[in-house]
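Subject: Structure handover

Hello,

Here is the structure for you to look over. My notes on it follow below.

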Amino acid sequence: MNDVKLTVLGGEGTGKSALIVRFLTKRFIGEYASNFESIYNKHLCLEGKQLNLEIYDPCSQPQKAKFSLTSELHWADGFVIVYDISDRSSFAFAKALIYRIREPQTSHCKRPVESAVLLVGNKQDLCHVREVGWEEGHKLALDNRCQFCELSAAEQSLEVEMMFIRIIRDILTNFKLKEKRRYSGSKSMAKLINNVFGKRRKSV
Ligand SMILES: Nc1nc2c(ncn2[C@@H]2O[C@H](COP(=O)(O)OP(=O)(O)OP(=O)(O)O)[C@@H](O)[C@H]2O)c(=O)[nH]1
């Protein structure tokens, strides 16, 4: 069974827990205790594969707090970055999170393939008090090689499920890419060794 590790990040009160619970239970629960982090497990079958999905919901960091993400960058195969379309400060925080994830891969988490990232503008039902336009979110995502969608955890169940399936599919694509690179890497290594030792055998 393939393990798929997903971290959900975003500013305080953007709806991270509501999105996760909606995906896991198809229900919307309005209030959650947010002073502890949680890892949720779900088994699902996708693209003919049995998957063990782990979703990490960190206890919220105040948006002004300095965050490192180092452990999340190590652990997660992909990220869902959530902002509230009615709260511009949560969009600025989402931008900072994306830049942190996309900054040149430092040695501590060198990855052969970029992490899969999906930017989500939540609380679309609050469009009457919207502060962040759809185009802004879409541009931020496009400019940083992320997927993008707007939705409402409060009112939409299918869209939330499709959002999670989308990021999981991207992660599975990355797994295939990594496999290919690993295989071609070992193949070229074998060729190199053969060239070196193969030649030496001939000269003896
Ligand atoms: N109108 C509306 N409210 C939402 C939606 N999603 C979440 N909320 C509300 O937003 C508030 C925060 O939701 P949470 O799921 O606790 O948000 P969170 O990001 O996990 O919160 P922290 O863990 O404190 O950062 C709650 O009052 C939810 O009822 C939505 O799609 N629409």
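**Salt bridges**

Glu 54 and Lys 5 form a salt bridge, with 4.0 Å between the closest N and O atoms. Glu 54 sits in strand E3 (residues 49-57) and Lys 5 in strand E1 (residues 2-10), so the pair ties together parts that are 49 residues apart in sequence. Glu 54 is buried, its relative accessible area being 16%. Please keep in mind that this is a predicted model.

In total the structure holds 11 salt bridges. As background, side chains of opposite charge can pair when their charged atoms come close.

Another salt bridge joins Lys 123 to Asp 84, where the closest N and O atoms are 3.3 Å apart. Lys 123 belongs to the loop between E5 and H4, while Asp 84 is in strand E4, so this pair ties together parts that are 39 residues apart in sequence.

Arg 145 counts as partly exposed at 48% relative accessibility. Glu 114 is partly exposed as well, with a relative accessible area of 31%.

Finally for this topic, a network of salt bridges links Glu 47, Arg 169 and Lys 176.

**Strand E3 and its neighbours**

Strand E3, which contains Glu 54, is mostly covered, with seven of its nine residues buried. E3 runs parallel to E1, and six bridges join the two. Within this pairing, Asn 2 stands opposite Leu 51 in E3.

With strand E2 (residues 38-46), E3 pairs in the antiparallel sense over nine bridges. Leu 46 has Lys 49 in E3 as its bridge partner. E2 and E3 form a hairpin that has two residues between them, and Glu 47 in the turn has a positive phi of about 50°. Glu 47 is also one of the residues in the salt-bridge network with Arg 169 and Lys 176.

**Helix H4**

Which residues of helix H4 (residues 134-143) are buried? They are Gly 137, Leu 140 and Ala 141. Viewed down the axis of H4, these buried residues fall within an arc of 95°, so they line one face of the helix. The face turned away from the buried side of H4 carries the exposed residues Glu 135, Lys 139 and Leu 142.

What do the buried residues of H4 pack against? Their partners are strand E4 (78-84), helix H3 (88-102), strand E5 (116-122) and strand E6 (147-150). E4 is also the strand in which Asp 84, the salt-bridge partner of Lys 123, lies.

Just after H4, Arg 145 takes a positive phi of about 55°.

Regards

Note on methods: Residues are numbered from 1 along each chain as its sequence is written. This is a predicted model: local features need pLDDT of at least 70, side-chain atom pairs count only at pLDDT 80 or more; totals for chains, interfaces and linings use all residues. Side-chain values use heavy atoms; hydrogens and water are left out. Buried means under 20% relative accessible area, exposed over 50%, partly exposed in between (1.4 Å probe, protein chains only). Helices (H or I, at least four residues) and strands (E, at least two) are DSSP runs, numbered from the N terminus. The arc is that of the directions from the helix axis to the C-beta atoms. Contact means heavy atoms within 4.5 Å. A salt bridge is a side-chain nitrogen of Lys or Arg within 4 Å of a carboxyl oxygen of Asp or Glu. Two strands pair if DSSP finds at least two bridges between them.
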